[in-house]
Amino acid sequence: MDTVDLPFRVDVDAQDERTVFRLAGELDMATVSQLEEALGEHENASEIVFDLRGLSFLDSMGLSVLVGAHVAGRDSHRKVSFVRGCNDVVSKVMQLTKMDDRLDWIDPPKERDEAV
């Protein structure tokens with residue numbers, strides 16, 4: 001079965017002090033600047049959530065931006081968390097790099113609950 005590569009997209013939902021970044025498609029060297037730009041526009045959020053469930057691919061550059069956001073959040077006493085439920089490709093990257101143990105993970109919302 002052929003897979004169709006989806007273009008990268010970042011949807012931002014700023015709710016009071018909490019900002020959710022819903023990522024979809026391929027986060028890689030060619031697309032990290034889009035995520036960096038979105039992060040820069042919301043650098044004052046006291047809580048950041050990355051929803052990675054829509055990602056179809058994650059390379060080392062994409063991972064670097066996510067880990068950098070995590071470290072920057074920790075250094076500035078900002079809560080940064082990641083939604084569980086990534087696809088197999090993204091989960092494998094997290095496991096191989098041990099980020100599945102180092103990042104703060106939260107459960108995805110229930111379908112009838114409000115979005116993350």
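Me: Leaving aside neighbours within four places in sequence, what is D28 in contact with?

Reply: F57, D59 and M61 are in contact with D28, once its neighbours within four places in sequence are set aside. Keep in mind that this is a predicted model.

Me: Where does D28 lie?

Reply: D28 is in the loop between β2 and α1.

Me: Is D28 buried or exposed?

Reply: D28 is buried.

Me: Which residue does R9 meet in a salt bridge, then?

Reply: R9 meets D11, with a distance of 3.0 Å from N to O. R9 is partly exposed at a relative accessible area of 45%, and D11 is also in the partly exposed class, at 34% relative accessibility.

Me: How many salt bridges are in the whole structure?

Reply: A search of the whole structure gives 6 salt bridges. Among them is the bridge between D13 and R22, where the closest N and O atoms are 3.8 Å apart. The cut-off for a salt bridge is 4 Å, so this pair counts. D13 is partly exposed, at 27% relative accessibility, and R22 is partly exposed at 23%.

Me: What does R84 pair with?

Reply: R84 forms a salt bridge with D107, and their closest N and O atoms are 3.4 Å apart. This pair links distant parts of the chain, 23 residues apart: R84 is in the loop between β4 (79-83) and α3 (88-96), and D107 is in the segment after β5 (105-106).

Me: Switching to the inside. Which residues have the most contacts inside the largest nonpolar core?

Reply: L23, L35, F50, L52 and L66 have the most contacts inside that core, which has 28 residues. At least two residues of the core come from each of β2 (18-27), α1 (32-41), β3 (47-58), α2 (60-75), β4 and α3.

Me: Which element gives the most to this core?

Reply: β3 does, with 5 residues. As background, nonpolar side chains in soluble globular proteins tend to be buried together.

Me: Pick L35. What is L35 in contact with beyond its neighbours within four places in sequence?

Reply: The list for L35 is F8, V10, F21, L23, L27, F50, V65 and L66.

Me: Now the sheet. What order do the strands have?

Reply: The order is β1-β2-β3-β4-β5, in an open sheet of 5 strands with mixed pairing. β1 (9-15) and β5 are the edge strands, and each pairs on one side only.

Me: How many bridges join β2 to β3?

Reply: There are 9 bridges between β2 and β3, and these strands run parallel.

Me: Last one. Which strands do α2 and α3 lie across?

Reply: α2 lies across β2, β3 and β4, and α2 runs at about 170° to β3. α3 lies across β3 and β5, at about 115° to β3.

Methods:
Residues numbered from 1 in each chain as written. Predicted model: local features only at pLDDT ≥ 70, side-chain atom pairs only at ≥ 80, totals over all residues. Heavy atoms only, no water. Salt bridge = Lys/Arg side-chain N within 4 Å of Asp/Glu carboxyl O. Buried < 20%, exposed > 50% of the residue type's maximum accessible area, 1.4 Å probe, protein only. Helix = DSSP H or I, 4+ residues; strand = E, 2+ residues; numbered from the N terminus. Core = buried A, V, L, I, M, F, W, Y, C linked by side-chain atoms within 4.5 Å. Contact = heavy atoms within 4.5 Å. Pairing = 2+ DSSP bridges. Axes fitted to C-alpha atoms, helices over the stretch in contact; angles between N-to-C directions. Lys, Arg positive; Asp, Glu negative; His and termini not counted.
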